[in-house]
Amino acid sequence: MKPTHIEHIGIAVKSLNDSIPYYEEVLGLKCYSVEEVVDQKVKTAFFMVGQTKIELLEATSEESPIAKFIEKKGEGIHHLAFAMEDVAEALTHAEGKGIQLIDKQPRPGAEGLMIGFMHPKSTGGVLTEFCAKKK
Ligand code: ZN
């Protein structure tokens, strides 16, 4: 039960349009996908760095967790996502170790992945996500 790699780093931004040029023009990355995840009230933009993605997250509503995050902490790193073989197994394993889960069950995320979050209270302050390709 260990991650194969860092699947992505989630970064909360106020505006995708204002943030994308930094990643493209300064870092030389290419935004290959912009996707709205209605369920999570966010719009995402993706860049590939090796086998890891940078996922920019913009709130689509004031109710969005991203809007609340930015209000409290400002723009910046929001979460860390580990690529796992199986999200359900990873969540069960973590819960067995006393970790507080946000998602008891895997749910669909961006990019066609199954995802599940652990609570930052249990993970040293880092909102942590497991993701896996759908089986
Ligand atoms: Zn994520």
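This is a predicted model: local features need pLDDT of at least 70, side-chain atom pairs count only at pLDDT 80 or more; totals for chains, interfaces and linings use all residues.

Trainee: Which side chain does Lys30 meet in a salt bridge?

Mentor: That would be Glu24, at 3.7 Å from N to O. Glu24 is partly exposed, with a relative accessible area of 28%.

Trainee: And how many salt bridges does a search of the whole structure find?

Mentor: The search turns up 6. Take Glu7 and Lys53: their closest N and O atoms are 2.7 Å apart. That pair links distant parts of the chain, with Glu7 in strand 1 and Lys53 in strand 4, 46 residues apart.

Trainee: Are those two buried or exposed?

Mentor: Glu7 is buried, and so is Lys53.

Trainee: Why does Lys53 count as buried?

Mentor: Because its relative accessibility is 9%, and buried means under 20%.

Trainee: OK. What else does Lys53 form a salt bridge with?

Mentor: Glu111, and again the closest N and O atoms are 2.7 Å apart. Here the link runs from strand 4, where Lys53 sits, to the loop between strand 6 and strand 7 (113-118), where you find Glu111, 58 residues apart. Glu111 is partly exposed, with a relative accessible area of 27%. Through shared partners, the salt bridges join Glu7, Lys53 and Glu111 into one network.

Trainee: Switching topic: which residues make up the largest nonpolar core?

Mentor: There are 11 residues in all: Ile11, Val13, Leu16, Ile20, Tyr23, Leu29, Cys31, Ala45, Phe47, Ile54 and Leu56. At least two residues come from each of strand 1 (5-13), helix 1, strand 3 (42-49) and strand 4 (52-59).

Trainee: Which element gives the most to this core?

Mentor: Helix 1, with 3 residues. As a general point, nonpolar side chains tend to be buried together in soluble globular proteins.

Trainee: What about the outside? Which residues form a nonpolar patch on the surface?

Mentor: Tyr22, Val26 and Leu27 do, with about 310 Å² of accessible area together. Tyr22 lies in helix 1 (residues 16-26) and is partly exposed, with a relative accessible area of 42%.

Trainee: One more residue, then. Where is Asp103 found?

Mentor: Asp103 is in the loop between helix 3 (87-96) and strand 6 (107-108).

Trainee: Buried or exposed, that Asp103?

Mentor: Buried, with a relative accessible area of 9%.

Trainee: So what does the side chain of Asp103 make a polar contact with?

Mentor: The side chain of Arg107, at 2.8 Å. A polar atom of the Asp103 side chain also lies 2.8 Å from the backbone nitrogen of Phe117.

Trainee: And its contacts, leaving aside neighbours within four places in sequence? What is Asp103 touching?

Mentor: Leu91, Gly116 and Phe117. Asp103 and Met118 are 15 residues apart in sequence, and their C-alpha atoms are 6.9 Å apart in space.

Trainee: Great, I'll look at that loop next.

Conventions:
Residues are numbered from 1 along each chain as its sequence is written. Side-chain values use heavy atoms; hydrogens and water are left out. Patches are made of residues with over 30% relative accessible area and no salt bridge: like charges are joined within 9 Å, nonpolar side chains (Val, Leu, Ile, Met, Phe, Trp, Tyr) within 5 Å. Accessible areas come from the Shrake-Rupley method with a 1.4 Å probe; for residues, only the protein chains shown count as cover. A salt bridge is a side-chain nitrogen of Lys or Arg within 4 Å of a carboxyl oxygen of Asp or Glu. Helices (H or I, at least four residues) and strands (E, at least two) are DSSP runs, numbered from the N terminus. Buried means under 20% relative accessible area, exposed over 50%, partly exposed in between (1.4 Å probe, protein chains only). Contact means heavy atoms within 4.5 Å. A polar contact is a pair of N or O atoms within 3.5 Å; within protein, one must be able to donate a hydrogen and the other to accept it, and residues adjacent in sequence count only if both atoms are side-chain atoms. A nonpolar core is a set of buried Ala, Val, Leu, Ile, Met, Phe, Trp, Tyr and Cys residues joined through side-chain atoms within 4.5 Å.
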